[in-house]
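Visitor: Please take me through this model, and for each label that you use, set the value against the criterion behind the label.

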Amino acid sequence: MMRSLLALALALCALCAHAVPSDAVFAKLAEDDSDSRIEAINALAADGSEQSIKVLDALADGTLYVTAEGALVILTDTEAIDPRTGQSVTYPESSDQIYLNNRLRGVLQGALAASRVKSPDREVRLAAANELRENASEDMLPLIESALATEKDKAVRNALRLAAARIDIASTDSGRRRKAAENLGESADASVKFMLAGLLKKADDGHFVEADEAVRTAAQDSIDRIDRRLAMADVANTLFSGISLGSILLLAALGLAITYGVMGVINMAHGELLMVGAYATYVVQGLFRAYLPDHQDLYVLAAVPVAFFTAAVVGMVMERTVIRWLYGRTLETLLATWGLSLILIQAARVIFGPQNQEVSNPAWMSGGVEVFANVILPWNRIVIIAFAAFVLLLVWLMMQKTRLGMFVRAVTQNRAMAGCVGVPTARIDTLAFGIGAGIAGLGGCALSQVANVGPAMGQGYIVDSFMVVVLGGVGQLAGAVTAGLGLGLMTKFLEGWSGAVVAKILVLVFIIIFIQKRPQGLFAVKGRFVED
Amino acid sequence: MNAAVHDNQAVSGSTGGGHLVQPGELDLTHKVILYLENISVSFDGFRALNDLSLTIDAGELRAIIGPNGAGKTTMMDVITGKTRPDAGKAFFGQTIDLTRMNEPQIAHAGIGRKFQKPTVFENHTVFENLELAMKMNKGVFTSLFFQLGDEARDRVAAVLQRIRLTDAADRQAGLLSHGQKQWLEIGMLLMQEPKLLLLDEPVAGMTDEETERTAELFVSLAGKHSLVVVEHDMAFVEALGGQVTVLHEGSVLAEGELADVQNDPRVIEVYLGR
Amino acid sequence: MLKVDKLNQYYGGSHILRNLSFEVPMGKVTTLLGRNGVGKTTLLKTLMGLVPSKTGSITFDTGGRAHDITRAPSYARVKAGIGYVPQGREIFPRLTVAENLEMGLATCPASAKLPDRIFEMFPVLLKMMRRRGGDLSGGQQQQLAIGRALAMGPKLLILDEPTEGIQPSIIKDIERAIRTLAETGEMAILLVEQYYDFAESLADHYLLMERGEIIMRGRGDDMRTHGVKDALSV
Amino acid sequence: ADTIKVGILHSLSGTMAISETALKNTALMTIEEINAHGGVMGKKLEPVVVDPASNWPLFAEKARQLLSQDKVAVVFGCWTSVSRKSVLPVFKELNGLLFYPVQYEGEELEKNVFYTGAAPNQQAIPAVEYLMSKDGGSAKRFVLLGTDYVYPRTTNKILRAFLHSKGVADADIMEEYTPFGHSDYQTIIAKIKKFASEGKKTAVVSTINGDSNVPFYKELGNAGLKATEVPVVAFSVGEEELRGVDAKPLVGHLAAWNYFMSIKNPTNAAFIKEYKAWAKANKVPNADTVVTNDPMEATYVGIHMWKQAVEKAGTTDVDAVIKAMGGQSFKAPSGFTLTMDKTNHHLHKPVLIGEIRPDGQFSVVWKTKEPIRAQPWSPYIEGNESKQGL
Amino acid sequence: MRTPLTVRLFRSLPRTGWIAILVFALLAWVGIPAAHLLLPESSPLFVSAYTITLLGKILCYAVVAVAMDLIWGYAGILSLGHGLFFALGGYAFGMYLMREIGTDGSYGVNLPDFMVFLDWKELPWFWVGSEHFLWALCLVVAVPGLIAWIFGWFAFRSRIKGVYFSIITQALTYAAMLLFFRNETGFGGNNGFTDFKRILGHDITSPQMRLVLFGLSAALLIAVLVLGRYLVTSRFGRVLAAIRDAESRVRFIGYEPTRYKLAIWTLSAVLCALAGALYVPQVGIINPSEMSPANSIEIAVWVAVGGRGTLIGAVIGAFIVNLAKSYFTVSFPDYWLFFLGFLFVAVTLFMPRGVVGLWQRFLQREKAAPQTEDDLATAPTPTTDATKGATA
Ligand SMILES: Nc1ncnc2c1ncn2[C@@H]1O[C@H](COP(=O)(O)OP(=O)(O)OP(=O)(O)O)[C@@H](O)[C@H]1O
Ligand SMILES: Nc1ncnc2c1ncn2[C@@H]1O[C@H](COP(=O)(O)OP(=O)(O)OP(=O)(O)O)[C@@H](O)[C@H]1O
Ligand SMILES: NC(N)=O
Ligand SMILES: [Mg+2]
Ligand SMILES: [Mg+2]
């Protein structure tokens, strides 16, 4: 029954001349012309046979080739299959893949969606329904309705209802139109809103485009509902992107909050420690690709400790060889770490080359989750926000809950005296700097998931990192958190309103003004010793 | 104590009438150089000064003692503008409202201070430290075109003599020993020629002999200058010979001659010990 | 017990400590006196390893084992059992009072507790545990510095003008405490003091410095007869 | 001298090193190739490489040094328009010769410069025309998105005028700029989504340059803006830039260039092979995955054409070479024979539009039949009417 | 008995100093012009146009370095935004240079090219008068001076110190950079100004003009050094140093640190601006990247390399770093960052007071003089407080 309905639906399609794919259809598919190919795709979809769908799938997957002789063939690494028969054939000497352009891809996706809307797999059905929600054509209405009749899943039903409503809104039956206008109120799509708004317009002759008052009221009602949803989505999106940006700023800054905030080392090479972490991630990814291709998606998990330790080692070496000699001479550290940063950048360039390296999100960090209509939160950002919280907890535990933290603070406040109560200052310094550098490495690992991995990547974060640490109040973890999130949110709200460049300028001006009010940062340490 | 209350009323009267309280000439018509009235200061809920009232007469040499944490240094912070009181009035002479002025203005008006922990300009020589403190116009332009005249040189030399650092005149102040820094700071105060000197533990870290000399110095300054000296060294306080005020928990516990105060059981309890 | 032999110290070109030799015996209070700038603090800093000694040797002997600590870093000296109360307090200003005291336990295992003795001597510290060290009054800081040095129960306690800025009643407490500490026989005490009466009343032995040299030494009881007070006030 | 000195002026450090290092490599390779074939007029070429470090004033200083100290016969260099603008006065003053291999905004024609990259009408305009075509998705609304500097600004200005001429209203054009190095595209993507949902079919024209492309495309991939819904066509994203991105989510987005590495013809195969071999021999990092791209091809073509012109002129004298350059032609890896225009110092170039493939290469979806002539002075900018002959 | 100011100015430099300046002046005003104009190109002593522009540029940098040393070395104010004032001076003068192009631009209109192709029909108000040389000079001094003054007034009044100050100066220059990058701002966006033709009607590329600019840069450097030297040896300089070391203490003896800081800060900014104005015609371009935070940090690096708080050290640092950069970028284009990086590290490790400090130490060794303070434990300041940060 279903099969016949589908066939019926697609048979209405004007382009579908044949119900059974003939050799001519395949010949059209092999032709290097979009129009012919579309014709062929539609023909195959109308046919709807298993074999036809397989061909369409091959086309979508990019495994459909044209041999030098102009014959079609589905190629896998080892096998060549004749699409008409599904039989193995000899592997062709040379062949060209059939590349899709966006137009073909759109048609193909619609066709495949229609064929999948009754799949037993719920995910497949949902994806197909969503596809139809946007791309359904009038002829698919019977198909959609029949699918609705049997569909149990709520999400799929919703999508199908919307798809049907979009078609129904043009129906001649005013009852259907009203129902459709009501149903469309469930949408969060601005384009639906525009469609509905069309109903409320007056034509040139002064009459409403939509004659039926009830339909108009329903449309207006739905528009209001969509508007509310859109406005809410807007705020939610901005909020999320602000928090996300804030978490990135924070991750970039946390390492600095230790090396500079707590230890007082003006570490201009901080950005390069981020870079080390990012490259470490890149290398781990490469190793996974080479040696554990089956577990590729887990590379990020392995990269986290590797990034930490690589950066920590680099940091400790820096501390032992250079920074160690400069304690108490804060400004010389500026110069020396600037030099170190140049060296590290060039080293990266020599080792990995000057280009950016590709670090891909593992599958579980790709794409996004639609929390509600029109609010898609990308997974990589969600993971990073959580990761930032995790790193923050780590730093907080280390600084506040271990003796190491207390020792580090004591050493920075009074190195000589710390030695005189028995703190091995040199070892503490190395360790603390190493940890700070390691935290920076973690930051780099996270950044690799959203931004560039290249030799100069660190330079882009150094200014922001210092702003976050200083705005929060040097040495104040809570301050850094507030500053990071605050700057993130502020940037995003301003950006929506004024564009990125002006937003950035405004944020900087805000920082300048804010420091006037709080010359020691957000979480200034008060007390009589501050002035001395 | 009664006198203080009386004087305080006089002050409120003068301000109540919308008197212009700008930094200006020091008005000593009531022979009182410093009024503190009901000063309170708290830090995160802790009351360091609690309704403190105190008056210092012109030319007086007053010793202030009291337990650690009684609020002595905080009181000096209030007088010199480092700390703003939460409540209360602080007047220099009849007209100068200290709570409305910043540190340089107060210094300019004639209040000089020696800190509990000696603070000198460590990278300047001893001579330069004294020269910087010298009483003169301290504006930018004057400094730009300033020339050290012979007279000024003599003044510095005299002070160097007095603080026994003539030999160290060209040494960096940061290289001095603790006691030497104490002296240098006293010297800077002398160069400033303030009308009111606030001295926070000036003899800490000095030998007994130096302590005596310091006492002599202060006594000789009294009369022309007014001095407020905070110390824990009873021998020194005795040598100063003036009135003694005992602070405790942010307000005045006792006041009078040293001998009386020393026998006050409350003072013995909280401060002197048995 | 601490043994210092032919110690010399320079700041740049100037000779600050000249050939100092002396001992600080266990269970005794040794006071070191001298006018401003003679080099007392420099000597103590050298003992703590804050300024590297140029020539001479410092040995520290804790019941049997003798460490040559002449070149040891500060923390190793502390680990060997030396506690130090520096001149000028040197509190960690942004650590709380509690943390400052815990810093005194830096060489002890993490589980070590602060001895009650500290709070008996300086009850004010108990009240101010959560306040930051830098916010305390001068005298309170001085008490904190002493408390911090006592926290680990040192074998040798070095004090640089510990009474500075402390109220008379507490000075008396400190005096009593030092006395008891020495008398238990487990601690050697080296005290630098300007406050003559205090120094005299505590001294089992005294050393008098003048321009980097020890010019007089003897038993505490003899200070008066040796005219130490006069020697200080030339 | 028995060698001819040739200057190479590309940033090897700083933000532009990402793109320019490959051009330095290409230039060195091409010079080696020419030397291996006997050099120019029997003389070997001697490359003089300097690093202007992505610092624009330093470009001018280094240019002066190459011309006046090293006395190079020609300079191959620059990427950004601002670096080119910075060295121009030096080349004019010292009568030097510069070959500039990157697509740019036009509005310039200097006697001392040969432009081997595309002018707007050789890249931007055809790309937008494609978007408006049926195969390109019949776009009706456009987002002009760029890095905030002259090349994107000017290009977008030209495009806006062009779109007006095609009947696109201002309400259907959204123009957005981000600073150099901008790395957070959440807001922009959200805006694009919103703009796209408000009506007709929308396409994005990206003139984002340099580092920002990676975060832009990553965000694009994750935010679920599919190429079938809102295609993005970029003018500064080539094979080299895509090496830094996971291209799988970007499949279907477009780029317009005059060359793609994926083009199949013997010249290109040889070019790619040569470059890969060179990279390996010279221990270029990641030599096994090096790619070629449009500005590299332009560099390669430029050097060869210069060689031909020198040989034609019989001298490296700048004026003589300039004269001899007009009408030079060369069989380029793009498969076309490119000709240097007789008057306007620009190459006649084919226009290709490619879709991003999962492997970071492009598949050509559209191309011109013939190389087309450059219009450095865009007819869409007011005041250029008189310059259309150029 | 007051000594006239001129005499005191003269006395502020030791004799060797004046001799050095004299030698320098002779070289800059006579030697180099002669070597450039009179000697044949083949002569080993010939000084090329390239060398002159390079040295001229570095002279301007040296002025900036001295200006930086005045506030950082002597007043303890670390500005990470001094590139802004340099660039503003450059832009102010660049406006004049753009106007001097007249109708010789690509579009042959009396508007700068970038305005033409961005569709600007007339000059924005802030360009009015920029065709006058003298007005341009006023702008060079007044605009950066005023901005520095206003910024400084707010910042110093709020007692912003140390790294907090450094960071907001960085924010300031960063914001300005972004602002100038915008094409709407009216200063040519990313491209900035270039392709200058004339100054006061004279060809900007002529050897004479080049020498004049070079000579002026040398003169400016000399003037700035003498002035700087006078300032730091005056009582004003001593007060500044006192503020640097213990600001709150200075207040208690009656000085108003705000005014002192403001004075030196504004002066320093103006000196940078003058340097910027001379820099632009010599290098032929000004664009917003001069305002990038990294550029400003580099200024501090020059000073640190040369030796902080010595004035002459700033000059030496500017020369060493920039010459090294010029040399390395040509001789080792692929590795020069390593060399520069190692140079910076080596200077800090082995020359704690910069090159000048090394020299001083060398002199002291000769005399077997006593005081060395590079030993941490004996350094006069006993504690290192993290909050002092950048100015410690
Ligand atoms: N900023 C602050 N935060 C918290 N408590 C403070 C602060 N400043 C001062 N105090 C507290 O206020 C009290 C008064 O301190 P003050 O320094 O005035 O005492 P003092 O009388 O000078 O003592 P001493 O004799 O020890 O110098 C002390 O208990 C101190 O701990
Ligand atoms: N870092 C230094 N460099 C050079 N000389 C110094 C340094 N520190 C101290 N001095 C000098 O060394 C001498 C001894 O100083 P020290 O601090 O040891 O004296 P002291 O005996 O402790 O004096 P006081 O009783 O005043 O504390 C003094 O003359 C002092 O000026
Ligand atoms: N010309 C360019 N791409 O800046
Ligand atoms: Mg006190
Ligand atoms: Mg001492």
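Visitor: What makes ligand 1 a ligand that lies between chains?

Guide: A residue is near a molecule if one of its heavy atoms lies within 4 Å of it, and by that criterion ligand 1 lies between chains A, B and C. Of the 24 residues around ligand 1, those that come nearest include B:Lys72, B:Thr73 and C:Ser137. This is a predicted model, in which local features need pLDDT of at least 70 and side-chain atom pairs count only at pLDDT 80 or more, while totals for chains, interfaces and linings use all residues. Residues are numbered from 1 along each chain as its sequence is written, chains are lettered from A and ligands numbered from 1 in the order in which they are written, and side-chain values use heavy atoms, with hydrogens and water left out.

Visitor: Why is the site of ligand 2 called shared between chains?

Guide: The site is called shared because residues from chains B, C and E surround ligand 2. Among the 21 residues around ligand 2, B:Leu175 and C:Thr41 are two of those that come nearest. An oxygen atom of ligand 2 is 2.6 Å from a polar backbone atom of B:Leu175, and a backbone N or O atom of C:Gly37 lies 2.7 Å from an oxygen atom of ligand 2. The protein buries 91% of the 640 Å² that ligand 2 exposes when taken alone.

Visitor: What makes the 485 residues a nonpolar core?

Guide: A nonpolar core is a set of buried Ala, Val, Leu, Ile, Met, Phe, Trp, Tyr and Cys residues joined through side-chain atoms within 4.5 Å, where buried means under 20% relative accessible area (1.4 Å probe, protein chains only). The largest such core has 485 residues, and B:Leu184 and E:Trp265 are among those that touch the most other members. A second, separate core of 30 residues includes B:Ile33 and B:Phe92.

Conventions:
Buried means under 20% relative accessible area, exposed over 50%, partly exposed in between (1.4 Å probe, protein chains only). A polar contact is a pair of N or O atoms within 3.5 Å; within protein, one must be able to donate a hydrogen and the other to accept it, and residues adjacent in sequence count only if both atoms are side-chain atoms. Accessible areas come from the Shrake-Rupley method with a 1.4 Å probe; for residues, only the protein chains shown count as cover.
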